[in-house]
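User: I've got a model open and I'd like to walk through some of its helices. Could you take my questions one by one?

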Amino acid sequence: MTSFHADASLDALHAASIDHETVLDHETVLITRGQRSGLTISVAVHSTRLGPALGGARVWHYPTWRDAVEDSLRLSRGMTLKNAAAGLNRGGGKSVVFVPDGETLDPERKRLAMLDLGDAVESLAGRYQTAEDVGTNAADMAIVAERTSHVSGLPADRGGVGEPSDATAQGVYASIVASLETVTGSPLLAGRHATISGLGQVGSRLARRLSDEGMSLIVTDVNPARRAFAEEISASWIDPGDEHLFETDVFVPCGVGGALTAEVISELRCAAVVGAANNQLADQGGAEQLADRGILWAPDFIANAGGVIYLDMASRPGADLTAILACVDDIGRTLSAVYRDAAARSVTTLAAAEKLAADRLDAAVPWTATQGQVLQSV
Ligand SMILES: NC(=O)c1ccc[n+]([C@@H]2O[C@H](COP(=O)([O-])OP(=O)(O)OC[C@H]3O[C@@H](n4cnc5c(N)ncnc54)[C@H](O)[C@@H]3O)[C@@H](O)[C@H]2O)c1
């Protein structure tokens, strides 16, 4: 088991995407080879300044374990920004289970990986709480909970709050409404067009709602089995790869990160990009490139915060679902404020959103694990 410690600096929040030259600005990075599964697991705690870190566990394919670790570093930094901008007393963390390209996990090995993840999370003694993410679900979190209490989003029949995708989809929906209002002056969706890339937990929920509200949808997924869902909601299916080339009002990335490469941005034919995917920009220069092209970009860590808002608020004593969903809807207002600030200061929407998060982090009295906040499986 290897762990590195470093001081989190607020300035580093503005750093470009991680590469081998980037200074490590995370508080703790735990890299461990699971004793049961043999898989490399990286748990990255970027910051606990606002409170114990909260962020999902990803099980995904990468060329090398180093790529998986880098992803955990990027994703956990994004969680610091997301939780801060959402007004939560939570720090930023994320875990990644590395599955070598070309390998698939059978259910037994996945179970072993979840137990290994539980041990890794437990070793951080409450400074990081995990939850589901790409490649994991509420049932997987129940397995993690066999080894640690620091897990969120357990199935309802295990006394948990369930998975957060409904809330994430609702927050992205609110963000699409706010973005269309900014670019067209009207929040109405009927008759407008959207292209959704990725029809998983969030993308499919969002697609159904946008379709119900009269939007005309083009959809795709690298999993061809999702075509049946496209037919169910009367959306036009296209094969993945060129979906960004279609003229549309909103391009909606809901797959994995890095979809907005310089080439993709140069070819986009849309008024706004608003999606659920984390780390949509392949590099930070993408925010400038989008602005230069006159495309309004909703910073992902603002638009997709609904899930973490749900997990955090639903796990508090006396949680009220109506109040939680009102907070999720507020994402639209937060995003509109970010857009106004970006326009007023002639900066990118990314810079405006980062400032929102950094101001909150700067103003916070640092949380320490010794303050004894009790976290339990929910
Ligand atoms: N689930 C949540 O509550 C939540 C919260 C915040 C952020 N996110 C982010 O939103 C994104 C989607 O999350 P999810 O829970 O729906 O994941 P998911 O695994 O259920 O779905 C992702 C879908 O995208 C597809 N996909 C992957 N790469 C693709 C590509 N290149 N082109 C088209 N489709 C592709 C996958 O086949 C899958 O169907 C992820 O980036 C995730 O980190 C999710």
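User: Which residue with a positive phi follows H5?

Analyst: Quick heads-up: this is a predicted model, where local features need pLDDT of at least 70, side-chain atom pairs count only at pLDDT 80 or more, and totals for chains, interfaces and linings use all residues. Residues are numbered from 1 along each chain as its sequence is written. Helices (H or I, at least four residues) and strands (E, at least two) are DSSP runs, numbered from the N terminus. H5 is followed by a residue whose phi is positive, near 90°, and that's Gly214.

User: How far apart are the end C-alpha atoms of helix H5?

Analyst: H5 covers residues 201–212, which is 12 residues. The expected span is 1.5 Å times one less than the number of residues.

User: How many of the 12 residues of H5 are buried?

Analyst: A residue is buried if 20 or more other C-beta atoms lie within 10 Å of its own, exposed if 12 or fewer, and partly exposed in between, with C-beta atoms placed from the backbone. Among the buried ones in H5 are Val202, Arg205 and Leu210. Their cover includes H4, strand E8 (193–197) and strand E9 (216–220). H5 is largely enclosed by the rest of the structure, because the number of its residues that are buried is nine.

User: Is the crossing of H4 and H11 left-handed or right-handed?

Analyst: Helix H4 (residues 165–184) and helix H11 (residues 321–345) pack at about 35°, with axes 8 Å apart. Axes here are lines fitted to C-alpha atoms, for helices over the stretch in contact, and angles run from 0 to 180 degrees between N-to-C directions. A crossing is left-handed if the near helix is turned anticlockwise from the far one by less than a right angle, and right-handed if clockwise. For H4 and H11, the crossing is right-handed.

Technical notes
Contact = placed C-beta atoms within 7 Å.
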